[in-house]
Amino acid sequence: MTSTTNFLELANKGIQGLQPYEPGKPIETLARELNLNPDEIVKLASNENPLGASPKVLTAIQAAAQELTRYPDGSGHRLKAALAAKYQLQPENFTLGNGSNDLLDLIGRCWLEAGRNAVYSQYAFAVYPITTQAQGAEHKQVAAVNWGHNLAAMAEAVDAATSVVFLANPNNPTGTSFSHNELVTFLQQVPSRVLVVLDEAYTEFVTRDDHPKALELLAEYPNLIICRTLAKAYGLAGLRLGYAISSPEIAEVLNRIRQPFNVNSLALEAGLAALEDRDYLEQTVALNNRGKQQLEAAFNQLGLNFIPSQGNFICVEIENAAQVNTGLLTKGVIVRPLAGYQMPNHLRVSIGTEAENARFIEALTQVLPD
Ligand SMILES: *Cc1c(COP(=O)(O)O)cnc(C)c1O
């Protein structure tokens, strides 16, 4: 049945100008297209954890599956208690999300609307413009320096209509980062009525030693919201679980619009198990550091520039990246083209296992133009 009504025209103004988020190509899709076995495909496109889920998480999920007919604990009581103990804060400082994207969306819905604006950086995570646009708020995108946030210019861009600033540290897709002192200087410059959203999706992978100790800044800056996720270093991308750390006052506002059961029961139990599995986290970080060296060495050997990364992915500079991406796909290797980020000469590759990285390097060597 087709309709002559233009439902897009009838949608909210902000939604009309929205382009959907482009996720990495799923393994199954490429396997179907190439008529390959999914096992033969290497996916390094979505910054997922190459270790596979922690066995402790799998055990927790099996136990939780016995209770699938019950609604989850909508307050996330035990998980928030565990987070509070981990960070020496109170459960009231936490808001749980169906992935941290859920939290970014909740923040937009609480504090952005037509007549207000959000400040974020060029090349910053795509969800910030989407959230801003969906609310009908104005965009203030600030030009990047060396692919990273120009915090001084971002502080200057804040005006009377700014209600939210989005910062990603490290940033996805560029892997750039800023230091503790740079963050403090920024917070000092921004009025306390402006919410500063510090998206730390990759914080566990950071190796620089002046990485912000953001939790220590919460008491002094009650307008700070730290967003974290269990999708990356904790390996739970498929379960959707993230959390925000903020003043109780901010958490209370978020809680007003949060769906009562936004985090499912398996994710709640898996999250508890994942937070306790320190070995898994250590192995993840060690694997990432080795893989980063492996990829950087290969890029150097191939004479390719890359943006130094503090995350679990690297942006490599390749002329005609779209064509090279197509070549990689035909070899069963999925990475992320960045034309949507206005970076047509880069590919973002997630750091995988040693074998996955080697497969990618081999395929890249074959498809690079001479
Ligand atoms: C992956 C990512 C997230 C979070 O993703 P969820 O899966 O929704 O938890 C948030 N911010 C950035 C910058 C990311 O790259």
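Trainee: How far is the polar backbone atom of asparagine 101 from an oxygen atom of the ligand?
Mentor: The distance is 2.9 Å, which counts as a polar contact (N or O atoms within 3.5 Å). This is a predicted model, in which local features need pLDDT of at least 70 and side-chain atom pairs pLDDT 80 or more, while totals for chains, interfaces and linings use all residues. Residues are numbered from 1 along each chain, and side-chain values use heavy atoms, without hydrogens and water.

Trainee: And what does serine 100 do with an oxygen atom of the ligand?
Mentor: A backbone N or O atom of serine 100 lies 2.7 Å from an oxygen atom of the ligand. On the side-chain part, aspartate 199 places a polar atom 2.6 Å from a nitrogen atom of the ligand.

Trainee: How much of the ligand's accessible area does the protein cover?
Mentor: The protein covers 94% of the 380 Å² that the ligand has on its own (Shrake-Rupley method, 1.4 Å probe).

Trainee: Which residues surround the ligand?
Mentor: The shell (a heavy atom within 4 Å) includes Gly99, Ser100, Asn101, Phe125, Asn172 and Asp199. Ala201, Tyr202, Thr229, Ala231, Lys232 and Arg240 also belong to the shell. By class, four are nonpolar, five polar and three charged; Tyr counts as nonpolar and Gly as polar.

Trainee: Which pocket is the ligand's space?
Mentor: The ligand takes up the second largest pocket, with more than half of its atoms within 2 Å of the grid points. A pocket is an open set of points on a 1 Å grid over the protein atoms alone, where a 1.4 Å probe fits and protein lies on both sides within 12 Å along at least five of seven lines.

Trainee: What about the largest pocket, how much space is in it?
Mentor: About 720 Å³ lies there. Of its 32 lining residues, Glu22, Ala126, Ala339, Gly340 and Tyr341 lie nearest the centre. The lining divides into 18 nonpolar, eleven polar and three charged residues.

Trainee: Which helix gives the most to that lining?
Mentor: Helix 7 does, with three residues. Helices (H or I, at least four residues) and strands (E, at least two) are DSSP runs. Strand 3 (117-121), strand 4 (138-142) and helix 13 (321-330) are among those that supply at least two residues each.

Trainee: New topic: where is proline 170?
Mentor: Proline 170 is in the loop between strand 5 (162-168) and helix 9 (180-189). The peptide bond from asparagine 169 to proline 170 is cis, with omega near -10°. Proline 173 is found in the loop between strand 5 and helix 9 too, and a cis peptide bond joins asparagine 172 to it, with omega about 15°. Asparagine 172 is also one of the residues around the ligand.

Trainee: What is phi of asparagine 35?
Mentor: Phi is near 60°, a positive value in a residue other than glycine. Asparagine 35 is in the loop between helix 3 (27-34) and strand 1 (42-43).

Terms used: 1 Å grid on protein atoms, 1.4 Å probe; cavity = no way out; pocket = protein on both sides within 12 Å on 5 of 7 lines; lining within 4 Å. Points joined across faces, edges and corners; volume = space filled by probe spheres on them. Polar contact = N/O pair within 3.5 Å; in protein donor to acceptor, adjacent residues only side chain to side chain.
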